[in-house]
Amino acid sequence: MCSAMDSSSAVEGHAFGQRQPPLYVTIQKILDKYPDGQIFKEIIQNADDAGASTVHFYLDSRQHGSQSLIHPSLGQFQGPSLLSYNDAMFQEKDWRSIQDMQQSVKSNKG
């Protein structure tokens, strides 16, 4: 009788599991859902929700070199860029929100 754990009856195959797209693709899909200009309102609202008293936007018009990148396709992300800053303290729940992208963790305020 052959045991289910007998190595002679082992089935070989490929690992099965969910694959995630690259992070930049996920971020692009999220941004594509916002109407023009709405992302600025969202960033300001997030800062307000976090208790920030100031929000700044910075346009970095520099273009950085691409010769030392791990992959040539990353060259398209070397500038220019728009940065935002607020003075709220980053909390543990904020890290969880980033890790659970596209899954709302906003609490009901009321």
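Buried means under 20% relative accessible area, exposed means over 50%, and partly exposed is what falls in between (1.4 Å probe, protein chains only). This is a predicted model, so local features need pLDDT of at least 70 and side-chain atom pairs count only at pLDDT 80 or more, while totals for chains, interfaces and linings use all residues. Residues are numbered from 1 along each chain as its sequence is written, and side-chain values use heavy atoms, with hydrogens and water left out.

**View 1. Leu 59, an exposed residue in a strand.**
With a relative accessible area of 67%, Leu 59 counts as exposed. Leu 59 sits in strand 1, which covers residues 55-60. Helices (H or I, at least four residues) and strands (E, at least two) are DSSP runs, numbered from the N terminus. Setting aside residues up to four places away in sequence, Leu 59 touches Ser 81 and Leu 82; contact here means heavy atoms within 4.5 Å. Leu 59 and Pro 80 are 21 residues apart in sequence, and their C-alpha atoms are 7.6 Å apart.

Is Asp 60 buried or exposed? Asp 60 is buried, at 16% relative accessible area. Its side chain makes a polar contact of 2.7 Å with the side chain of Arg 62. A polar contact is a pair of N or O atoms within 3.5 Å; within protein, one must be able to donate a hydrogen and the other to accept it, and residues adjacent in sequence count only if both atoms are side-chain atoms. Leaving out neighbours within four places in sequence, Asp 60 is in contact with Pro 80 and Ser 81. Pro 80 belongs to the loop between strand 1 and strand 2. Most peptide bonds are trans. The one from Gly 79 to Pro 80 is cis, with omega near -15 degrees.

**View 2. The second largest pocket.**
About 600 Å³ of space lies in this pocket. Of the 19 residues that line it, the closest to its centre are Ile 27, Gln 28, Leu 31, Ser 81 and Leu 82. On a 1 Å grid over the protein atoms alone, a pocket is an open set of points where a 1.4 Å probe fits, with protein on both sides within 12 Å along at least five of seven lines; lining residues have an atom within 4 Å of a point. Grid points are joined across faces, edges and corners, and the volume is the space filled by probe spheres set on the points. Which elements each supply at least two residues of the lining? They are helix 1 (23-32), helix 2 (38-49) and strand 2 (81-86). By type, the lining divides into 13 nonpolar residues, five polar and one charged. Ala, Val, Leu, Ile, Met, Phe, Trp, Tyr, Cys and Pro count as nonpolar, Asp, Glu, Lys and Arg as charged, and the others, Gly among them, as polar.

**View 3. Aromatic pairs.**
The whole structure has three aromatic pairs, and two of them are described here. Rings of Phe, Tyr and Trp (its six-membered ring) pair if their centres lie within 6.5 Å; planes under 30 degrees apart count as stacked, over 60 as edge-to-face and the rest as tilted. Tyr 24 and Phe 77 make a tilted pair, 5.1 Å centre to centre with 55 degrees between the planes. Because Tyr 24 lies in helix 1 and Phe 77 in the loop between strand 1 and strand 2, the pair ties together parts 53 residues apart in sequence. Tyr 24 is partly exposed at 43% relative accessibility, and Phe 77 is partly exposed at 44%. The ring centres of Phe 40 and Phe 57 are 5.2 Å apart and the planes meet at 75 degrees, so that pair is edge-to-face. This pair links distant parts of the chain, with Phe 40 in helix 2 and Phe 57 in strand 1, 17 residues apart. Phe 40 is partly exposed at 33% relative accessible area, and Phe 57 is partly exposed at 32%.

**View 4. Asp 94 and the backbone of Gln 91.**
Asp 94 is in helix 3 (residues 92-99). At 17% relative accessible area, Asp 94 is buried. A polar atom of the Asp 94 side chain lies 2.6 Å from the backbone nitrogen of Gln 91.
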